[in-house]
Amino acid sequence: MTAFGKLVRTTAFRLTLVYLLLFAMFAASLLAYFAWNTRRLITEEITQTVNAEISEITDIYNRRGLRGLLSTMGNRALRPGANLYLVTTPTGQAVAGNVGSLAPGVMSTQGWTETAYRRLDDQDKTDHRALVRVTELENGFRLLIGRDLAERRRLFGIVAKAAQWSVLIVVVLGLAGGIFVARRVLRRIDAMTGTTKRIMAGDLSGRLPVGRSGDEIDRLAENLNAMLERIEALMAGLKEVSDNIAHDLKTPLTRLRNRAEEALARSGCEADYRAALERTIEESDGLIRTFNALLMIARAESGQARGNMDDFDAADVANGIHELYEPLAEDDGMTLKVKADPTPVHANRELISQALANLVENAIKYGKPDVSVQPLNADAREILIEARREGDQVLLSVADRGPGIPESDRKHVVERFVRLEASRTLPGSGLGLSLASAVATLHGGELRLGDAHPGLIATLVLPARAGGSDRLAAQTQDVPQKAA
């Protein structure tokens, strides 16, 4: 397709043609209305002038008779101008005036008539147009007074010519403006098309050009760029997850296979086979928990859980997690406490419970105090779960007195399968904080990792429930899935 063909087929050019047609029709209608009103006003002015003259001459005829009428008409006929005067006998013979000829039948019809005529003093033999009024006098004589319509015709010609030029100028300027706008839009669309082709070819780093006008195309490009950034981040995350799964799950799967192969190779007793099967089941359970955690993270990051939002009290979730994990903490030599005020929130209760459970599990697992830094006492082994509201935010936090996480590692530690060197000797998959961060992001919040002096404080920051209603959702049991 040629460049002109592409230009003509653009929506901008077609819209310009439509608006051009509408504007041309409007301009033509406006000029026609102006011409019609001008013609009407001139006609009214002529009729008023003629009526006044007829009244005046009739009065002269009534006072001075036929001789005075003929004298007055003769004098007025000699005046230069566009006025017409004629007096005829009952037989139709002209006796005074400046009219040389009229269209047939004009003098025999009383009232107003638009007719062709010639003046007595005309050198040319062309007909003119005039608006005349014929009146019959008492003795049968007829009186004609009128005015030439050349002035009205000239004004109408001026308006008609102005209309022609106006329409021509509108068409030319409209087409020029349409071509300019269409070419400008077409250049931007072509630039966007080139970028989308690169993106479809696999280059997700491409972005649509954004101008400085801030118009609807720029706003569309900005939104599409934001979408592309999100897609690129998701694709990078998918690649990272795939790499992490291939790397981090290879070891347990290899270990699972080796144990099964070892059990088959040995000609042991039933107890050895049972022990090997138990270890295999334990290893399989760990793999299932890892895959469940990955599925839950994917569900949170994709936004699929937004349809299960409900109103509930975050304090109930905190108390439920405390009740569930308090025995586990005591078995590990830790003290789990809770401090929760009534805190209404609108969220997915299952995911919030899972995220808070992961934070508690991490605190129990990695929050043991460092005896080389602080003495062992009751406070050093305390883990505090807290639910409170600050302004328009709901905070669910878990604080321990352990070694904490260095500030330089806090952004890195929320990634999937990331485990710091100090925690690699402990069981876990490295998905707990990643899930908590994904859940917070799903709800429009964030996961904050801070210093508890000493220890780590992990906080789920969530938007408060809109409307501030005191209605709470029905109590449900919070049984989280382990993913730490």
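Arg448 has a relative accessibility of 37% and so counts as partly exposed (buried means under 20% relative accessible area, exposed over 50%, partly exposed in between, with a 1.4 Å probe and protein chains only). Arg448 forms a salt bridge with Glu446, and their closest N and O atoms are 2.9 Å apart. A salt bridge here is a side-chain nitrogen of Lys or Arg within 4 Å of a carboxyl oxygen of Asp or Glu.

This is a predicted model, in which local features need pLDDT of at least 70 and side-chain atom pairs count only at pLDDT 80 or more, while totals for chains, interfaces and linings use all residues. Residues are numbered from 1 along each chain as its sequence is written, and side-chain values use heavy atoms, with hydrogens and water left out.

- Helices (H or I, at least four residues) and strands (E, at least two) are DSSP runs, numbered from the N terminus.
- Strand β12 (residues 446-451) pairs with β13 in the antiparallel sense over 6 bridges. Two strands pair if DSSP finds at least two bridges between them.
- Arg448 has Thr459 in β13 as its bridge partner.
- The hairpin of β12 and β13 has 4 residues between the strands, and His453 takes a positive phi near 55 degrees there.
- Strand β11 (residues 393-399) also pairs with β13 in the antiparallel sense, over 7 bridges.
- Leu396 stands opposite Leu460 in β13.
- In a regular strand the side chains alternate between the two faces of the sheet.

**Salt bridges**

- The whole structure holds 12 salt bridges.
- Side chains of opposite charge can pair when their charged atoms come close.
- Glu446, the partner of Arg448, is partly exposed because its relative accessible area is 37%.
- Glu56 and Arg76 form another salt bridge, with the closest N and O atoms 2.7 Å apart.
- Glu56 is partly exposed, with a relative accessible area of 40%. Arg76 is buried, at 8%.
- Glu53 joins Glu56 and Arg76 in a network of salt bridges.
- Glu114 forms a salt bridge with Arg152, and the closest N and O atoms are 3.4 Å apart.
- Glu114 lies in strand β4 (residues 111-119) and Arg152 in helix α3 (residues 150-200), so this pair ties together parts that are 38 residues apart in sequence.
- Glu114 is partly exposed at 36% relative accessibility, whereas Arg152 is buried at 9%.

**Around His128**

- His128 is found in strand β5 (residues 128-136).
- With 21% relative accessibility, His128 counts as partly exposed.
- Leaving out residues up to four places away in sequence, His128 touches Thr115, Ala116, Tyr117, Asp122 and Asp148. Contact means heavy atoms within 4.5 Å.
- The C-alpha atoms of His128 and Thr115 are separated by 8.2 Å, and the two residues are 13 residues apart along the chain.

**A nonpolar surface patch**

- Leu15, Val18, Tyr19, Leu21, Leu22 and Met25 make a nonpolar surface patch of about 630 Å².
- Patches are made of residues with over 30% relative accessible area and no salt bridge; like charges are joined within 9 Å, and nonpolar side chains (Val, Leu, Ile, Met, Phe, Trp, Tyr) within 5 Å.
- Leu15 lies in helix α2 (residues 11-77).
- Leu15 counts as partly exposed because its relative accessibility is 45%.

How values were computed: Accessible areas come from the Shrake-Rupley method with a 1.4 Å probe; for residues, only the protein chains shown count as cover.
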